[in-house]
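This report looks at a ligand and the pocket around it. Please view the sequence and the structure first.

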Amino acid sequence: MSPAIKKPSGVFITLEGGEGSGKTTQARRLCDWLTTQGRKVLHTREPGGTLLAERLRSLLLDHSVETIAPETEAWLILAARRQHVDHVIKPALQQGMIVVCDRFSDSTIAYQGYGRGLDLRVLRTMNNWATGRLVPHLTLLFDVPIRIGLTRRRSQRASQNRLDRETSRFHEKVRAGFRTLAQQEPRRMVVFDASLPLESVQQNVAEVIATWLNTRRIRQLRQR
Ligand code: TMP
């Protein structure tokens, strides 16, 4: 392979889950822990991560703009993703960093696919186009019953964003979607019981990540 198209050597970890699943706190704690282990870490999020993508995020989450069609929502999220992949994620992976991303493609399948009812096959094709087929090495799914998640979310935020305001039925469909994805890809997606206290979930995450990174290192050493 020519040096110009060097294979990315970093690690791409995503965190997924419904509203109030605690994944944002877990992402922050995971990054802090990895940094103390001497790893070079990039913490980022979706939609967002670049100037343009953060602007698209604000529009997407603002409930005071006009009604947004499901297809428009998907296009905006995927446009933001392309910017994020090109400007932030891929360069960091090329530099050998651990990229920890709060939400990525699985959210699109869960929210726009299972939640909004957009065609899953079309969405996957569009998403492949947006990501250039970049798939996380590992995905942590924080699963929490909707009632607990939405109650937590309401206690954390004074105002509700456009997606927080969706019906419980919508959030149930999203949760079921995430769980289906985890069943389909058990090697990539690890499910955590996010109804447990934050510290217990954090401990479980650290154990899974430590084992996973170690196994990956041994596999890479064997391949040399
Ligand atoms: P957050 O508040 O958990 O950071 O997520 C922002 C919102 O964006 C959340 O309600 C889920 C939604 N979202 C989608 O609907 N599809 C996506 O692909 C992504 C990344 C987020």
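The sections below cover the model, the ligand and the pocket.

## The model

The model is predicted, so local features need pLDDT of at least 70 and side-chain atom pairs count only at pLDDT 80 or more, while totals for chains, interfaces and linings use all residues. Residues are numbered from 1 along each chain as its sequence is written, and side-chain values use heavy atoms, with hydrogens and water left out.

## Around the ligand

There are 15 residues around the ligand, and Glu19, Lys23, Arg103, Thr108 and Gln112 come nearest (near: a heavy atom within 4 Å). By class, this shell has seven charged, five nonpolar and three polar residues, with Gly counted as polar and Asp, Glu, Lys and Arg as charged. Helix 4 provides the largest share, four residues.

The distance is 2.9 Å for Arg103, 3.1 Å for Arg57 and 3.3 Å for Arg81. Alone, the ligand exposes 480 Å², of which the protein buries 98% (Shrake-Rupley method, 1.4 Å probe).

## The pocket

The ligand takes up the space of the second largest pocket. A pocket is an open set of points on a 1 Å grid over the protein atoms alone, where a 1.4 Å probe fits, with protein on both sides within 12 Å along at least five of seven lines; lining residues have an atom within 4 Å of a point. A molecule sits in a pocket if more than half of its atoms lie within 2 Å of its grid points.

The volume of the second largest pocket is about 430 Å³. Its lining has 22 residues, with Glu46, Pro47, Arg57, Leu61 and Arg103 nearest the centre.

Notes
Polar contact = N/O pair within 3.5 Å; in protein donor to acceptor, adjacent residues only side chain to side chain. Helix = DSSP H or I, 4+ residues; strand = E, 2+ residues; numbered from the N terminus. Points joined across faces, edges and corners; volume = space filled by probe spheres on them.
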